[in-house]
Amino acid sequence: LEVEGTLWDKLIRHEPPESLRPRPPVVTVLGHVDHGKTTLLDAIRQANVVGDEYGGITQHISAYQVERDGRKITFLDTPGHEAFTAMRARGAQVTDLAVLVVAADDGLMPQTREAIDHARAADVPILVALNKMDKPTAQPDRVKQQLADLNLTVEEWGGDVICVPVSALQNQGIEELLESILVLTEMAELRSNPDRPVVGTVIEGQLDRQRGPTATLLVQGGTLRVGDALLVGAISGRVRAMLDHRGEPVSEAPPAMPVLVMGLSEVPKAGDIFRQVESEREARALAEDAAERQRLALDRPTSAPGIVSLEDIFSRLQAGEVQELNLVLKADVQGSMEPIVNSIERLGSEDQEVRILHQGVGRITESDIMLASASNAIVVGFHVDVDEAARRTASQEGVEIRLYNIIYKLVEDVDKALRGMLE
């Protein structure tokens, strides 16, 4: 179950150092739905588009590149942090940096806090874009205090989180934001080998009425070219045509470049890994094998796929395979949350700790399940119910949900799981 590092890391680990070349950073933009995420992305794109070309972008592509001082940055526009985490649950952690958009007049919302927890669980550094600074009601210091309360202390307050004031509507601060992204990611020395066989991640798939199945792919190793044979799980195909984010045809895509590809046999899912194979025939044969394996797996009666239960985690703690118990915690009111968190944080020891990845008020949602699935966590609810979509996803993803009505019972079970007495 343990994914060691991201696909980027794995690709570098097996390459001779001299074959590695610098690559653009991949940035995901997260944040509350009304805080101007889309406007900000539009402003970033416009800052980079010449004249009337912008009017020509009709099709929405969820990934694009901008260039600043001859250096490129790849932006992923996820529909929400659930999508960001769903990709991670499938083993695809493509992001080097998360830009958290917070409205200066509105402050941190539950969705903003959730986005922070998702980025943290993925170990992705966070940069804050403080939007709507042009509004007379903007209160940047209030927002910085809210961030500090969540252990995200901004630089001018002595912390290490870069916070860039912007106004997406007025087009202010966009240059500074791009500059900060380049400075932050430059320190990470991001590299990849452009000359190996191609591998990468599906950002999204769509069925297009004219073009058939299309997919936005992010190349992570190698250079994708028109004519290459590809395999994505049980889907095969050949790159018939590639378009960049402007909708212009391109003949090749190096690492960290997103492209829209035509020529696959079906629509792949976001987060699937694609790789290049010798020929289309080989791709078809491998895809048929994979499809057959999937069919066999579906026929076998199982309770749930690889369910991670408290019992499992206990046995893995005992065997020394894992050192921490990850929890996603939901309660009915903030008043019950504090004593639960305080009691749980006192459990654990030097070598076995309890880590609360996310705590929130309200029913258990699909977002909670995706976060747990990506992080091998247990979802614990106190006086809350589980929505239907979350139940379905939990059984698909193999995530255990435990519901409690008595605080001490909840704490006792976590304690027993750590000490190995849970029967």
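Trainee: Hi! Is His-383 buried, partly exposed or exposed?

Mentor: His-383 is partly exposed, because its relative accessible area is 41%. Bear in mind that this is a predicted model.

Trainee: Thanks! Where does His-383 sit?

Mentor: His-383 is in the loop between β19 (377-382) and α11. Its backbone stands out too: His-383 has a positive phi of about 55 degrees although it is not a glycine.

Trainee: Why point that out?

Mentor: Because most residues other than glycine have a negative phi.

Trainee: What about Asn-151, what is its phi?

Mentor: Asn-151 has a positive phi as well, about 60 degrees, and is not a glycine. You'll find Asn-151 in the loop between α5 (140-149) and β7 (163-165).

Trainee: And is Asn-151 buried or exposed?

Mentor: Exposed: the relative accessible area of Asn-151 is 65%, and the cut-off for exposed is over 50%.

Trainee: OK, back to α11. Which residues meet where α10 and α11 touch?

Mentor: From α10 you have Glu-366, Ile-369, Met-370 and Ser-373. On the α11 side they meet Ala-389, Ala-390, Thr-393, Ala-394 and Glu-397. By class, that contact has five nonpolar, two polar and two charged residues.

Trainee: At what angle do the two helices cross?

Mentor: The axes of α10 and α11 (residues 388-397) cross at roughly 15 degrees and come within 8 Å. Angles under 35 degrees count as roughly parallel, so α10 is roughly parallel to α11. The crossing of α10 past α11 is right-handed.

Trainee: Let's zoom in on Met-370. Buried or exposed?

Mentor: Met-370 counts as buried, because its relative accessibility is 7%. This residue lies in α10, which covers residues 366-375.

Trainee: New topic, the core. How many residues are in the largest nonpolar core?

Mentor: The largest nonpolar core has 24 residues. Those with the most contacts inside it are Leu-40, Ile-44, Ile-73, Phe-75, Leu-127, Leu-177 and Ile-181.

Trainee: Which elements give two or more residues to this core?

Mentor: On the strand side they are β2 (26-31), β3 (63-68), β4 (71-77), β5 (97-103) and β6 (126-131), and the helices are α2 (37-46) and α6 (174-186). The most comes from α6, with five residues.

Trainee: What is Leu-177 in contact with?

Mentor: Leaving aside neighbours within four places in sequence, Leu-177 is in contact with Leu-40, Ile-44, Leu-127, Ala-129, Val-164 and Val-166.

Trainee: And Leu-184, where is that one found?

Mentor: Leu-184 is in helix α6. Leu-184 is partly exposed, with a relative accessible area of 22%. Setting aside neighbours within four places in sequence, Leu-184 is in contact with Leu-97, Leu-127 and Ile-162. The C-alpha atoms of Leu-184 and Leu-127 are separated by 8.7 Å, and these residues are 57 apart along the chain.

Trainee: One more residue: is Gly-212 buried or exposed?

Mentor: Gly-212 counts as buried, because its relative accessibility is 18% and the cut-off for buried is under 20%. Gly-212 is in strand β10 (residues 212-221). Apart from neighbours within four places in sequence, Gly-212 is in contact with Gln-206 and Leu-207.

Trainee: Last one, the big picture. How many helices and strands does the protein have?

Mentor: There are 12 helices and 20 strands. Of the protein's 423 residues, 52% count as buried. Among contacts between residues at least 6 apart in sequence, 73% join residues at least 24 apart.

Definitions and conventions: Residues numbered from 1 in each chain as written. Predicted model: local features only at pLDDT ≥ 70, side-chain atom pairs only at ≥ 80, totals over all residues. Heavy atoms only, no water. Core = buried A, V, L, I, M, F, W, Y, C linked by side-chain atoms within 4.5 Å. Buried < 20%, exposed > 50% of the residue type's maximum accessible area, 1.4 Å probe, protein only. Helix = DSSP H or I, 4+ residues; strand = E, 2+ residues; numbered from the N terminus. Contact = heavy atoms within 4.5 Å. Axes fitted to C-alpha atoms, helices over the stretch in contact; angles between N-to-C directions. Parallel < 35°, antiparallel > 145°, perpendicular 65-115°, else oblique. Left-handed = near helix turned anticlockwise from the far one by under 90°. Nonpolar A, V, L, I, M, F, W, Y, C, P; charged D, E, K, R; others polar.
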